[in-house]
Amino acid sequence: MSYHYPIDETWTKEEVIQVVQFFSLVEQAYEKNVDRTVLLTVYNDFKKVVPSKSEEKKLFREFEQGSGYACFPVIRYARDSDQHKISMK
């Protein structure tokens, strides 16, 4: 499926790619499975683009409204898990 990704027009092309990669991996965690290490690495890249917690929450909310997928539970599960692959199924 294709979802609307919340994007800020002030981001560079590279920053947009990092944000889209993160949201894409969240989708993948719900629809299939995702490599835990890759997800956490991409999340750290996302945090470089969006360091503000309030901005992060805003983007997470916008993404969830468009896709139905909540980002925070995926990140929490990845941090707490010792499994190589994670899935939110």
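What follows is a set of questions and answers on this predicted model.

Trainee: Phe23 keeps coming up. What kind of aromatic pair do Phe23 and Phe46 form?

Mentor: There are 12 aromatic pairs in the structure. For Phe23 and Phe46, the centres are 5.8 Å apart and the planes are at 75 degrees. Planes over 60 degrees apart get one particular label, so this pair is edge-to-face.

Trainee: And how many residues apart in sequence are the parts that this pair ties together?

Mentor: Phe23 sits in helix 1, while Phe46 belongs to helix 2.

Trainee: Now Tyr30 and Tyr69. Is that pair stacked or edge-to-face?

Mentor: The ring centres of Tyr30 and Tyr69 are 4.6 Å apart, with 5 degrees between the planes. Tyr30 is in helix 1 and Tyr69 is in the loop between helix 3 and helix 4, so the pair ties together parts 39 residues apart in sequence. Planes under 30 degrees apart settle the label, so the pair is stacked.

Trainee: Is Tyr69 buried or exposed?

Mentor: The relative accessible area of Tyr69 is 16%. The cut-off for the inside category is under 20%, so Tyr69 is buried.

Trainee: On to packing. Are helix 1 and helix 2 oblique or roughly antiparallel?

Mentor: Their axes are 9 Å apart, at an angle of about 140 degrees, and the crossing is left-handed. Glu15, Gln18, Val19, Gln21, Phe22, Phe23 and Leu25 of helix 1 meet Val38, Leu39, Val42, Tyr43, Asp45, Phe46 and Val49 of helix 2. Roughly antiparallel needs an angle over 145 degrees, so the two helices are oblique.

Trainee: What about helix 2 and helix 4: is their crossing left-handed or right-handed?

Mentor: The two axes come within 10 Å and cross at roughly 125 degrees, which makes the helices oblique to each other. Arg36, Leu39, Leu40 and Tyr43 of helix 2 make the contact with Val74, Ile75, Ala78 and Arg79 of helix 4. The crossing is left-handed.

Trainee: And helix 1 with helix 3: is that crossing left-handed or right-handed?

Mentor: Here the angle is about 50 degrees and the axes are 12 Å apart, so this pair is oblique too. Phe22, Phe23, Val26 and Glu27 of helix 1 meet Leu59, Phe60 and Phe63 of helix 3. The crossing is right-handed.

Trainee: Before helix 1 there's Trp11. What is the C-alpha distance from Trp11 to Val50?

Mentor: Trp11 is found in the segment before helix 1, and at 12% relative accessibility Trp11 counts as buried. Beyond its neighbours within four places, Trp11 contacts Pro6, Val16, Val19, Val49, Val50 and Leu59. Trp11 and Val50 are 39 residues apart in sequence, and their C-alpha distance is 9.9 Å.

Trainee: Last one: is His4 buried or exposed?

Mentor: His4 is also found in the segment before helix 1, and its C-alpha atom is separated from that of Glu15 by 16 Å. Its relative accessibility is 55%. The cut-off for the outside category is over 50%, so His4 counts as exposed.

Key: Residues numbered from 1 in each chain as written. Predicted model: local features only at pLDDT ≥ 70, side-chain atom pairs only at ≥ 80, totals over all residues. Heavy atoms only, no water. Phe/Tyr/Trp six-rings, centres within 6.5 Å; stacked < 30°, edge-to-face > 60°. Helix = DSSP H or I, 4+ residues; strand = E, 2+ residues; numbered from the N terminus. Buried < 20%, exposed > 50% of the residue type's maximum accessible area, 1.4 Å probe, protein only. Axes fitted to C-alpha atoms, helices over the stretch in contact; angles between N-to-C directions. Parallel < 35°, antiparallel > 145°, perpendicular 65-115°, else oblique. Left-handed = near helix turned anticlockwise from the far one by under 90°. Contact = heavy atoms within 4.5 Å.
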